[in-house]
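This report looks at a hairpin, a sheet and a loop residue. Please read it beside the sequence and the model.

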Amino acid sequence: MVFCVCVLCFSFLDPDKCLILYGDDQGCVNILFLASVGELLRTWKKMPKVENMPNITIQNAITSPNVNYIRWKVHGDWVTQLNYCDSLKAVISSSNHEPTALVIGCTVGITNVKQKMKEIRNVRKDVKTRKGHASLALPQRRAECDQTVFCIYKGVKAFSFCRRKNLLLTGGMDQIIRVWNPHLPGKPTGLLRGHTAPVIYIHLSSEDNRIFSMSMDNTVKIWDLETYSCLFTASSKASGIKGEFAACLYLPSPGALCVATDRVALLHLRMRSAPDPHLALSHQEPVVCCGYNSTFRHVVSCSEASVVKVWDFETGKQLSEFMGTHGNAGITCLTFDSSGRRLVTGGRDGCLKIWSYNNGHCLHTLKHGKCWDEKQSEVCDCTYMEVNQNKCIIAVGWDRRINVYFDVPCDFHHFWKPQPHWQDDLNHGHKEDILCVAQCPPFLLATCSYDGEIIVWNVISGHVYCKLNTPSPSDGLNHREGPEPSVSRLAFLKTRAAKLDSMAASLIANGPGGSVTFWRLFGGAGLVANFTPSREKAQVSSIAVTAGDALAYLADQQGFVHVCDIKEYGLQGPELQPPKNVTFWRAHVSTVTCLELIEEENILLSSSLDRTVRLWSKTGAYIGTFGQSSPWDIFTPASWSHPRVPYEILTDPGSMPADSGLEGDAPAGCTVGSQEQDPGIEETPAEPERPSKLRSPEGSILDVEMKEDILQWSALGHGRLLPEQTEPHEQVPEPGWPSIYQTLRCHEVACLSAPGEKPDLSIIGSDLSDVNFLMQERERSRAAQKEHGSHGSFPD
C-alpha cells in the first residue's frame with residue numbers, strides 16, 4: 001500500500017535506543033523502535049547512496065536487525081502533527097478529523113504485545129520471511145484502554161504539551177486555542193480567542209508562563225498562561241514575515257521564534273523585565289491611547305490588554321477600572337461623544353463599543369459587514385462628529401473604508417451597523433489600510449493610509465475633496481529597503497481651514513524617516529513644507545496643535561516632545577526652512593502614543609508604550625504620572641513633581657547630555673529664536689556656548705571627572721535633567737546641589753612679567769635674613785611711591 005509521509009518526529013529512550021515516528025495521509029502513526037543504534041547506523045551507512053547520501057527504504061529498514069516496526073490506525077484524516085512524550089510514555093498525534101482530532105496513545109499497547117508473542121513463538125530466522133510479513137502488515141487499532149481521544153470542533157492543526165504544568169494546548173481551523181487537562185478530554189479548561197486565521201503553531205513556555213502561537217496569516221501572538229489574555233500581537237506587516245508558512249520553532253535560549261516561509265525569519269521576542277518597585281506606572285501593559293473628558297474632568301487611558309482606567313485630572317488618583325472591553329483583543333483608539341457622558345473604543349476585533357465608562361456598562365456594539373465573516377478587520381482610529389445636526393461616529397481601519405455610524409438616541413438595538421459607503425469611497429478611496437482619521441468641522445475629514453496617501457473628504461456630500469501623496473525623505477539616500485511610506489498621524493490647522501485660505505498650510509501629517517509635512521488644501525492642494533524635527537530621524541508618533549494654531553507639539557518614537565512655533569509658518573506659501581524650535585524635552589522612554597492639549601488649564605497630556613500616562617505644563621514642566629503614590633493639586637504648582645523628572649528618563653542612556661538627540665541649536669527644555677512667541681511661554685536665557693575643545697592639558701581629566709559626576713548624580717535620581725524654564729509663579733526652590741550639567745570652561749592665563757626694577761643679583765650669596773630684610777624694604781618703598789604719586793611728587 002502506497003502512502004505519503006506528512007510529519008516526522010524523533011525521540012531517544014536511552015543512549016543506544018531511539019524512536020522514529022511519522023504520520024501519513026492515511027491517518028496512521030508509524031513507529032520504528034531502534035536498538036543498538038550505533039551499530040545499526042553503521043550498517044545503514046553502507047547502503048547505496050542517492051545524491052551522495054546513504055539511502056534505505058522503509059521496507060529494508062523494518063527488516064533490519066534490532067528494528068521493530070508497528071503501524072497504528074489512529075485518525076480519519078491525514079496526520080497534522082505528532083510527538084513522543086517521555087513523561088506519559090505515549091505518542092500524541094492530531095488531525096483535522098473532528099472525532100479523532102487529538103489522540104494520546106501507547107507506543108506498543110496490549111494488542112501489539114499479544115501479536116508479538118505469537119511472532120516470537122512462530123518466528124523464522126530468514127530475512128525473506130521477515131520481509132514478506134513486513135510488507136503485508138496491515139495497520140492495527142489500539143484498544144480503547146490504550147488511548148485517550150479528544151473530539152474537537154474542526155480538528156487540530158497544532159498542539160503543545162507541557163509536562164511541568166500538565167497542560168495540553170490545541171489550535172486549529174476555528175482559530176481558537178484550547179487549554180486541556182491531558183487526562184480529561186471531555187471539556188477544555190480555557191479558551192484563547194484572538195486569531196483571525198487558522199492556528200498552525202503553538203508553544204507553551206513554562207519558564208516564562210507564556211504561550212506563543214502563530215496563525216496562517218503569519219500573525220504571532222503572545223499570551224499570559226495564568227490569565228489567558230493576549231499580551232502582544234505582531235502582524236505580518238509589523239514583523240515582515242511574508243509568504244506561505246512552512247515551519248515554525250521556538251528557540252528558548254535566545255528567546256526567538258524561527259519561522260520558515262519562502263525565507264527564514266528570526267523573530268526576537270524580548271520579554272519586558274519586571275518593573276522597579278519605585279517606578280510609577282499607570283498600567284501593567286503598554287498604553288495605546290488616552291483622552292481628556294472636559295465634562296467630568298477625567299482622564300481615560302486604555303492598554304493593550306483591553307483595560308480601561310479612569311483618572312481624576314486634578315489629583316491623578318484612579319477612580320475606576322474595567323477590563324475585557326474587547327475580549328482578548330486589544331484596544332486601538334478612543335473618543336468621547338459630544339456630551340462627554342459616553343466613551344467610544346475601537347479594537348483589534350474589528351468593532352467599536354459605546355460605554356457608560358463610569359460603571360463599565362457596554363451600551364452598544366458597532367460592527368461593519370466584514371466582522372461577521374472570518375476575515376475580521378482591525379479598527380485603527382475613530383472620531384465623533386456632528387454633520388448637519390446629525391451626530392455620528394466615523395471609524396477607519398484595515399477594511400480600507402470610511403464607516404459612518406449614526407448616533408441615534410432612540411435606537412435601543414445593541415448592535416449597530418454602518419451606513420452605506422460613499423460612492424467615492426468605493427470607487428476612488430484608499431487602496432491600503434487606513435491608519436488615522438482627523439476632522440475639521442463643519443465639513444472636512446482627512447484620512448491617511450499605509451501607502452502614504454492622504455485623502456480629504458467632504459463629509460456632507462461624501463465626495464473626495466483632494467488627494468495628497470507623501471514625498472520620500474529628501475536626504476539623497478536610497479529608501480527602497482528603508483521605512484515604509486505610511487502616514488499614521490494627521491492634524492488640521494482649524495483657524496486657517498475655517499478661513500479657506502488658499503495660500504496657507506491647513507493640514508499637518510507625519511511621514512517616513514521622521515519627517516513632518518505641511519499641506520495646502522485650498523486653491524490647489526500641494527506641499528508647503530517638509531522637515532524633520534528630530535536629529536535622530538525618529539518617527540513622529542503623535543501631533544497636537546494649540547487652539548489658535550500658534551504652536552505644534554510633535555512627539556516621536558524615542559519619547560521626545562518637540563514644540564514648534566507655527567504662528568506665521570506656511571502662511572505665505574512654500575517654506576524652505578523648518579519652523580522655529582521653541583523647546584523640547586523627553587517625556588517618555590518609549591513611543592509616545594497620544595498627545596492632547598488641555599487648553600483651559602495650559603496642560604499637556606501624554607501616554608506611551610512605557611506603560612505611563614503623564615501630565616506636563618505647556619512649557620515642559622513635569623506635573624506627575626497617573627498612578628504615582630503621592631497625588632498632586634493641578635492648581636498648586638508647588639505640589640507638582642517639577643523640577644524633578646521621571647526616574648527612568650533621568651537614568652536612561654538616551655537622556656544623557658552626550659546623546660545626539662539632545663544636541664542642537666537649543667538645549668533641551670530651553671526657548672530659542674526671536675522675541676515673538678506665545679505669551680504662555682516665557683523666554684529663558686540660553687546656556688553659554690560650549691567651547692569646541694578644552695585647551696588645558698588637563699582637559700581629558702576634566703572630561704572624566706564630569707562623566708563620573710553625571711553617573712553619580714544620575715544614580716540618586718533627584719537631579720534635574722532639563723534647565724528650569726517655567727513662569728515665575730511656577731518656581732520651586734531647588735536643593736543646594738551643584739548643577740551636574742553645567743558646562744566647564746578653561747581660560748588661558750597670560751604669562752606677563754610684573755613691572756618693576758631689575759632683580760638685584762648682588763644679593764646672591766648673602767645671608768638669608770639679610771635677603772628677607774632687603775625685600776621688605778623694597779616693598780615699603782614701592783607702596784610709598786604709589787601713595788604719594790597720586791598727590792604730587794615725592795620730596796627728595
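In this predicted model, strands β19 and β20 form a hairpin with four residues between them. Gly255, in the turn, has a positive phi of about 65°. Helices (H or I, at least four residues) and strands (E, at least two) are DSSP runs, numbered from the N terminus. Residues are numbered from 1 along each chain as its sequence is written, and side-chain values use heavy atoms, with hydrogens and water left out. Local features need pLDDT of at least 70 and side-chain atom pairs count only at pLDDT 80 or more, while totals for chains, interfaces and linings use all residues.

Two strands pair if DSSP finds at least two bridges between them. Two pairs are listed here.

| Pair | Sense | Bridges | One bridge |
|---|---|---|---|
| β19 (residues 247–251) and β20 (residues 256–260) | antiparallel | five bridges | Ala247 with Ala260 |
| β30 (379–387) and β31 (residues 390–397) | antiparallel | eight bridges | Asp381 with Val396 |

The covered face of β19 holds Cys248 and Tyr250, and the uncovered face holds Ala247, Leu249 and Leu251.

β30 also belongs to an open sheet of three strands, in the order β30-β31-β32 with antiparallel pairing. Because β30 and β32 (403–406) stand at the edges with a single partner strand each, one side of each has no neighbour in the sheet.

Ser235 lies in the loop between β18 (230–234) and α5 (236–239). Ser235 is buried, with a relative accessible area of 18%; buried means under 20%, exposed over 50% and partly exposed in between (1.4 Å probe, protein chains only). Leaving aside neighbours within four places in sequence, Ser235 is in contact (heavy atoms within 4.5 Å) with Asn218, Thr219 and Trp398.
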